[in-house]
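User: I am new to reading protein models and would like to go through this one step by step. Could you answer some questions about how its parts are arranged?

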Amino acid sequence: MFFFQKKKKSLCLFKSGGGGVPAGAAAAAGSSTYACDPQVCKLANGCLCASKNPPNGLSQADTPQFVTVTFDDSIQPQLYKTAKRMLNVTNPNGCPGRGTWYVSMQYTDFSLVQQWYSTGNEIADHTFTHVGTPSDKEIVSCREMLNTYGGVPNAKIQGFRAPFLNYTKETLNRLSRLGFLYDSSASALQDDAYWPYTLDYGMANDCWTGICGSSQTKIPGLWEIPMYAVLDNTNAPQLMDVYIAGQPKDVEEWSLNTFNKHYTGGRQPFGIYVHPTHLTGYPGLPDPAPKLDGLVSLIKKLSEMPDVWFVTNQQLLQWMKNPVKASELGNQDYMRCEQPVIAKEICNGLDDDGNQNVDEGLMNSCNFGTTTFNTCFNCPSTAPTLDMPTPATAAQNGSAGFRYPIPNNCDTKWWDPIGNACLCTANDCQYKDTAVMVNHTSNGNGIVANGSGSASAAVTIQTVHWESLFIISSCVIAFLL
């Protein structure tokens with residue numbers, strides 16, 4: 001019987017900020033007390049061991065190369081535009097690339113939460129006040145507001161990322177108890193660049209913290225989606241906001257080097273993790289456009305490679321639970337792109353009537369001085385707080401202007417909060433396919449609808465000269481985070 005087992009050793013650490021990986025972590029990445037028996041831990045039983053190889057014995061050539069682009073903190077109009085520009089790519093089946101937003105509540109515009117979700121992206125929990133060691137209330141209050149004001153079904157809020165990536169075994173146990181599907185806070189270097197795995201046998205990443213001990217984090221059914229670090233030119237790991245660590249051309253080179261190791265190796269997912277506030281211009285601050293342009297260029301290069309798919313973390317886990325070949329991925333229900341056919345605007349986060357405007361004239365504006373947001377649902381009578389995230393509504397049930405909350409048996413795209421109706425109650429609801437024709441073959445000839453075509457060569461690293469690195473002062477970063 002085979003056991004995957006690693007030994008633990010000590011190392012020197014220094015205090016790390018929000019998304020950093022401490023010095024010495026690379027040396028300890030492959031050292032832990034993690035042990036998992038793949039003969040017992042099987043996908044059929046909802047269990048998966050940490051591994052650098054594709055699940056279910058898929059060959060490298062048949063495995064999709066997933067890229068996960070994630071955004072942290074509040075959703076605001078300018079940040080939303082930044083995120084949409086970054087994800088302006090097309091998957092091999094003609095559908096738009098998708099991303100995941102880990103949302104904290106302060107300054108969030110909930111109409112944009114709804115739009116992000118309704119257009120096929122993922123909304124996930126990042127606590128109410130962006131606190132490092134969250135309580136149950138911090139996590140639950142965030143989820144309640146995303147549902148009440150953002151219209152995201154509770155069952156679709158499945159993921160969590162710890163603010164400052166400061167997770168603990170207590171945090172992971174809270175997530176399991178509160179019904180979350182996954183956490184994505186752990187860092188992964190080359191030595192522990194594992195595919196997502198369940199915590200039935202504990203953590204296999206961040207072992208330098210001691211969290212991989214045999215009695216630390218055995219949480220059956222909870223998934224960990226590691227955050228994959230990029231190594232810079234000094235072999236120092238860079239995790240979140242890599243674009244701050246160097247010139248755009250250097251960041252692209254580091255990123256492509258790491259991507260190639262995944263792409264030509266075990267095809268582990270490759271991640272791009274950002275705080276979009278650092279990539280969005282503000283009066284009086286240095287122009288971040290060169291950084292954003294460099295990141296957009298990198299994403300475009302990756303999107304043009306065969307078998308590369310930009311997915312949400314939920315989509316990634318749907319594939320992990322039932323792996324299929326890259327040539328079959330585009331036909332999976334969770335990878336399709338379809339918009340409901342609805343004759344009029346219903347305030348669902350989509351442009352239903354095709355006039356290039358979303359929910360025009362239908363949103364409520366909720367203004368409480370320092371707390372202001374738009375929503376398709378009822379404004380609260382007072383500003384939400386941690387202790388009372390969803391106060392009583394300003395409008396009364398049955399009165400003019402009252403909006404009806406989304407029920408558990410309807411999806412946001414089909415829910416009319418004004419008419420109190422789910423416009424899809426059967427399996428044959430009318431959709432229109434929004435996929436476009438794309439060319440993602442390895443030889444550049446022909447159209448690929450379902451991600452067919454394999455890749456045998458790494459990305460050619462090309463560098464472009466960009467403007468110099470901008471620097472944001474620590475006090476500004478602290479304020480924006």
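Analyst: Two strands count as paired if DSSP finds at least two bridges between them. Please keep in mind throughout that this is a predicted model.

User: In which sense do strand E17 and E18 pair, and over how many bridges?
Analyst: Strand E17 covers residues 364–368, and one of its residues, Asn 364, stands opposite Thr 375 in E18. The hairpin of E17 and E18 has two residues between the strands, and in this hairpin Gly 369 takes a positive phi near 80 degrees. The pairing of E17 with E18 is antiparallel, over five bridges.

User: How many of the residues of helix H3 are buried?
Analyst: Across the protein, which has 481 residues, 53% count as buried. Helix H3, made of residues 110–118, is mostly covered, and its buried residues include Phe 110, Leu 112, Trp 116 and Tyr 117. The number of buried residues in H3 is nine of nine.

User: At roughly what angle do the axes of H2 and helix H7 cross?
Analyst: Two packed helices are described by the angle between their axes and the distance between the axes. For H2 and helix H7, which spans residues 289–303, the axes come within 9 Å and cross at roughly 35 degrees.

User: How do the residues of the contact of H2 with H7 divide into nonpolar, polar and charged?
Analyst: On the side of H2 the contact is made by Thr 82, Arg 85 and Met 86, while H7 contributes Leu 292, Asp 293, Leu 295, Val 296 and Ile 299. Sorted by type, the residues of this contact divide into five nonpolar, one polar and two charged.

User: Why is the pair of Trp 414 and Tyr 431 edge-to-face?
Analyst: The whole structure holds 16 aromatic pairs, and a pair of aromatic rings is described by the distance of the centres and the angle of the planes. Planes over 60 degrees apart count as edge-to-face. The ring centres of Trp 414 and Tyr 431 lie 5.3 Å apart, and the pair is edge-to-face because the planes stand at 90 degrees.

User: Are Trp 414 and Tyr 431 buried or partly exposed?
Analyst: Trp 414 lies in the loop between E18 and strand E19, whereas Tyr 431 lies in strand E21, 17 residues apart. Buried means under 20% relative accessible area, exposed over 50%, and partly exposed in between. Trp 414 has a relative accessibility of 5% and therefore counts as buried, while Tyr 431, at 34%, counts as partly exposed.

User: Where is Cys 347 found, and is Cys 347 buried or exposed?
Analyst: Phi of Cys 347 is near 65 degrees, a positive value in a residue other than glycine. Cys 347 is found in the loop between strand E16 (338–340) and E17. With a relative accessible area of 0%, Cys 347 is buried.

User: What is the relative accessible area of Asp 73?
Analyst: Asp 73 has its place in the loop between E3 and H2, and although Asp 73 is not a glycine, its phi is positive, at about 90 degrees. Asp 73 is buried, and its relative accessible area is 6%.

Terms used
Residues are numbered from 1 along each chain as its sequence is written. This is a predicted model: local features need pLDDT of at least 70, side-chain atom pairs count only at pLDDT 80 or more; totals for chains, interfaces and linings use all residues. Side-chain values use heavy atoms; hydrogens and water are left out. Buried means under 20% relative accessible area, exposed over 50%, partly exposed in between (1.4 Å probe, protein chains only). Helices (H or I, at least four residues) and strands (E, at least two) are DSSP runs, numbered from the N terminus. Axes are lines fitted to C-alpha atoms, for helices over the stretch in contact, and angles run from 0 to 180 degrees between N-to-C directions. Contact means heavy atoms within 4.5 Å. Ala, Val, Leu, Ile, Met, Phe, Trp, Tyr, Cys and Pro count as nonpolar, Asp, Glu, Lys and Arg as charged, and the others, Gly among them, as polar. Rings of Phe, Tyr and Trp (its six-membered ring) pair if their centres lie within 6.5 Å; planes under 30 degrees apart count as stacked, over 60 as edge-to-face and the rest as tilted.
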